[in-house]
There are 2 protein chains.
Amino acid sequence: LKVNEFDLIDLFTSYFRTRPPPRGPGDDAAYVPDLRNLCVTTDVIVENVHFERRFFSAEEIGHKALAVNLSDLAAMGAKPAWFLVSLCLPERTLESEIRGMALGMSRLARSLRIELVGGNVSKAGELSISICAAGTARRPLTRSGGRPGDVLYLSGTMGDARLGLKLLRASGGPRLNEPVRRQKRPHPRVRLGLIAARFARAAIDISDGFAQDLAHLCKASRLGAIVNVDRLPLSRGVRATFGAGAVDWALAGGEDYELLIAVAPSRATAFERECARVGEKITRVGQLTAARKILFQGAGGKSHTMPAGYDHFRPFD
Amino acid sequence: LKVNEFDLIDLFTSYFRTRPPPRGPGDDAAYVPDLRNLCVTTDVIVENVHFERRFFSAEEIGHKALAVNLSDLAAMGAKPAWFLVSLCLPERTLESEIRGMALGMSRLARSLRIELVGGNVSKAGELSISICAAGTARRPLTRSGGRPGDVLYLSGTMGDARLGLKLLRASGGPRLNEPVRRQKRPHPRVRLGLIAARFARAAIDISDGFAQDLAHLCKASRLGAIVNVDRLPLSRGVRATFGAGAVDWALAGGEDYELLIAVAPSRATAFERECARVGEKITRVGQLTAARKILFQGAGGKSHTMPAGYDHFRPFD
């Protein structure tokens with residue numbers, strides 16, 4: 001395969017008559033034609049791509065399968081409502097593993113009061129779980145709604161999930177600390193997405209890495225951005241592990257299910273206040289620009305080259 | 001894995017708070033709470049389970065992935081409207097294969113004027129395509145709506161897809177005749193489903209085999225059935241190949257994306273007339289009964305034991 005993940009999606013969808021996003025492919029979730037307010041997404045996690053069984057318990061697999069879909073809905077500012085599950089199971093799967101996956105997934109579903117409405121199960125050579133999740137949005141928060149001057153916010157911290165994976169691989173087995181928890185039990189920012197739907201113009205989750213997903217948002221909005229590198233929210237773990245290389249690590253990270261949100265300057269204070277009120281951590285990291293390039297500015301104004309984000313079809317450490 | 005496909009689904013869903021079907025798991029598609037008229041389903045096809053690449057072209061894989069989902073919507077009497085695609089691709093996948101899958105899928109989508117609204121692509125060890133498809137139904141045609149005395153109809157013929165697979169395996173490569181076409185290019189009975197929605201009380205597709213799916217319909221309706229074995233619509237190919245064993249073969253077949261439909265006696269003539277008018281082939285094969293057992297009656301009234309249907313988790317020739 002010579003094309004990357006996003007060219008591949010473009011190639012595939014070019015065969016179909018589609019509407020522009022979010023009514024057609026190209027945003028975190030689809031805003032469904034003729035069903036006002038419904039956002040739908042699908043995402044899959046595959047053994048040895050998104051998780052390894054030596055590191056993940058069955059509960060963590062079930063949790064992650066649903067969480068990655070809910071993150072897409074959060075990025076659309078949608079309130080998740082229901083989902084369907086496609087379980088692909090190797091014949092060697094144990095009943096206890098099925099119970100574990102169901103338990104991990106159902107805990108997350110219950111905490112958000114969302115309903116399992118259907119699904120299917122199939123035999124397969126490798127374990128994978130594909131989920132289709134849907135919810136309603138007052139108005140869809142797209143990647144394309146940004147305007148020049150919009151303030152860019154990032155939730156939580158970045159680079160942690162990637163660090164968690166590195167730590168798991170280094171130790172060769174399960175252990176639990178904050179980066180590992182971020183890798184194994186991502187927390188979809190559903191509540192923050194609902195706030196963003198009230199205040200923001202555009203949003204995306206940074207599941208493919210901050211740099212790549214910022215580029216997606218900029219491309220969809222036909223804009224560029226200036227990022228204040230020194231402001232990027234890096235956890236102590238990421239800083240301590242990588243020192244001077246921490247920013248590059250974090251920019252290229254993947255699987256941080258945080259939200260990157262663009263807010264009009266006039267709404268920025270109100271947005272920050274509402275996030276503070278409910279305890280959603282956000283950090284102002286830059287702004288959108290009319291110039292269609294992305295600048296990473298560090299201390300003293302020195303610019304920074306942009307690393308590519310996560311792409312399943314390129315090798316990833 | 002010690003449990004069969006249906007016990008496994010029950011086990012998994014028992015961890016969730018769900019509504020009874022069709023609002024929760026248990027019918028061909030889910031009838032979504034709070035979105036009147038929307039039916040949603042998900043189904044996956046997996047390499048070496050639902051297709052082998054030595055027999056299936058990329059176009060046929062793309063076609064089948066969508067067709068199996070549309071069959072579920074047809075069984076609900078829903079008019080398909082949109083779908084999402086999860087592509088899981090091995091790294092060795094060729095661009096030409098992606099084009100082929102897109103082409104096969106898009107041809108079927110265009111023929112029914114349905115929209116691709118989103119999806120995702122992931123690396124995987126084996127090729128699989130998971131689709132979530134949705135459509136609207138005037139009223140959902142469930143498995144559970146049958147009443148004693150309802151006339152049972154089956155569309156098309158049965159056992160052909162299973163014969164097609166047998167022929168492909170025997171010849172070791174691609175060939176095209178009617179059973180092989182039924183295996184590789186199943187035709188979802190969308191138009192018939194829409195007619196059934198106007199006339200019928202219950203329906204199911206026989207993707208797991210006539211015997212098994214009839215049992216599902218009977219269980220959901222809390223009824224039994226009498227099947228007139230001599231009336232079962234078997235193709236010339238199935239009769240010629242299996243002779244006296246043709247009925248058993250066909251009853252246990254899987255992947256026949258035909259519809260089994262229960263119609264009140266008072267509506268039977270009108271249903272038959274409407275099917276004849278538009279050229280949808282249906283055959284009266286029996287009736288539902290209050291006694292909760294399934295009788296297969298042959299010539300002279302001799303009864304027939306019931307073979308189990310297709311179960312992914314049991315060996316299948």
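Two strands count as paired if DSSP finds at least two bridges between them. Keep that in mind for this predicted model, because strand β6 (residues 151-155) of chain A pairs in the antiparallel sense with strand β10 (residues 282-289) of chain A over five bridges, well within that rule.

**Strand β6 of chain A and its partners**

- On one side of the story is β10(A), joined to β6(A) by those five bridges.
- Here Leu154(A) stands opposite Thr283(A).
- β6(A) also has strand β9 (residues 259-263) of chain A as a partner; the two run antiparallel and four bridges join them.
- In this pairing, Leu154(A) stands opposite Leu260(A).

**How enclosed β6 is**

- Buried here means under 20% relative accessible area.
- Five of the five residues of β6(A) are buried, so the strand is largely enclosed by the rest of the structure.
- In a regular strand, side chains alternate between the two faces of the sheet.
- Both faces of β6(A) are covered: Val151(A), Tyr153(A) and Ser155(A) are buried on one side, and Leu152(A) and Leu154(A) are buried on the other.

**Cis peptide bonds**

- In chain A, look at the step from Pro21(A) to Pro22(A): this peptide bond is cis, with omega near 5°.
- You'll find Pro22(A) in the loop between α1 (5-13) and β1 (30-31) of chain A.
- In chain B, the bond from Pro21(B) to Pro22(B) is cis, with omega near 0°.
- Pro22(B) belongs to the loop between α1 (5-13) and β1 (30-31) of chain B.

- Arg222(A) isn't a glycine, yet its phi is positive, near 55°.
- To find Arg222(A), go to the loop between α7 (210-221) and β8 (224-228) of chain A.
- With a relative accessible area of 61%, Arg222(A) is exposed, because the cut-off for that is over 50%.
- Over in chain B, Arg113(B) has a positive phi of about 55°, and it isn't a glycine either.
- Arg113(B) sits in the loop between α3 (95-111) and β4 (115-123) of chain B.
- Arg113(B) counts as exposed too, at 77% relative accessibility.

Note on methods: Residues numbered from 1 in each chain as written. Chains lettered and ligands numbered in written order. Predicted model: local features only at pLDDT ≥ 70, side-chain atom pairs only at ≥ 80, totals over all residues. Heavy atoms only, no water. Buried < 20%, exposed > 50% of the residue type's maximum accessible area, 1.4 Å probe, protein only.
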